[in-house]
Amino acid sequence: KVDGFLNHRVDTKLLEALADEFAKYFDISKITMVLTAEASGIALATICAQKYGVPMLFAKKAKSDNIEGGSYQSEVFSYTYKKKVTLIVSHEWLHADDHVLIIDDFMAKGYAMQGLIDLVNAAGATLEGIGVAVEKGFQGGGDKFRASGVPYKALAVIEQADENGILFREDD
């Protein structure tokens, strides 16, 4: 249960520490933007972007009237909400010369993450890495990104969560 510090009530000091941990793993000197999906990843992505001195961009999950000039879109299944959603980023804010670090709070099956990667690819931008605060390792989402060759880091990987408690993977 992380809503007391990560994605409902936010512990900003902890998020700063998470941003520092990601900075140890990724070459942040290459990054021109931090990207996340609406909504719960915004807090962590914002603190990371602020610490790295780059803008933060979040993919919206609903079309809004303030997106003009076209958009990149990726339809994904939301594991959280059990329905399809469309991730949307304006052409105005994501370009081929961008070097993107994707940051999110949680990963289960990786559908939203793949949608974000699709947006980066559609823009012709360069994906520099993927950072996740908490991965549900038992749902397999992180495994495909680890195998992809793109730098990937989950700060905590839950291997098992049941009535007996939570089992975390040992850090590498």
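User: What pattern does the chain follow, read along the sequence?

Analyst: In this predicted model, the chain runs α-β-α-β-β-β-β-α-β-α-β-β. That makes 4 helices and 8 strands.

User: How are two packed helices described?

Analyst: Two packed helices are described by the angle between their axes and by the distance between those axes. Here, take helix α1, residues 12-25, and helix α2, residues 42-52. Their axes come within 9 Å and cross at roughly 60 degrees.

User: Why are α1 and α2 called oblique to each other?

Analyst: Roughly parallel is kept for angles under 35 degrees, and roughly perpendicular begins at 65. The crossing of α1 and α2 is at roughly 60 degrees, and the two helices are therefore oblique. As for handedness, α1 passes α2 in a right-handed crossing.

User: Which residues in α1 meet which residues in α2?

Analyst: From α1 the list includes Leu15, Leu18, Ala19, Phe22 and Ala23. In α2, the residues they meet include Leu44, Ile47, Cys48 and Tyr52. Charged residues take part too, among them Glu16 and Asp20 in α1 and Lys51 in α2. By class, the residues of this contact divide into 10 nonpolar, 3 charged and 1 polar.

User: What share of the chain counts as buried?

Analyst: Buried means under 20% relative accessible area. Of the 172 residues of the chain, 42% count as buried. The accessible surface comes to about 9000 Å², and carbon and sulfur atoms hold 51% of that surface.

User: What part of the contacts comes from residues 24 or more positions apart?

Analyst: Among contacts with a separation of 6 or more, residues 24 or more positions apart account for 57%.

Notes: Residues numbered from 1 in each chain as written. Predicted model: local features only at pLDDT ≥ 70, side-chain atom pairs only at ≥ 80, totals over all residues. Heavy atoms only, no water. Axes fitted to C-alpha atoms, helices over the stretch in contact; angles between N-to-C directions. Parallel < 35°, antiparallel > 145°, perpendicular 65-115°, else oblique. Left-handed = near helix turned anticlockwise from the far one by under 90°. Contact = heavy atoms within 4.5 Å. Buried < 20%, exposed > 50% of the residue type's maximum accessible area, 1.4 Å probe, protein only. Areas by Shrake-Rupley, 256 points an atom, 1.4 Å probe, with all protein chains shown as cover.
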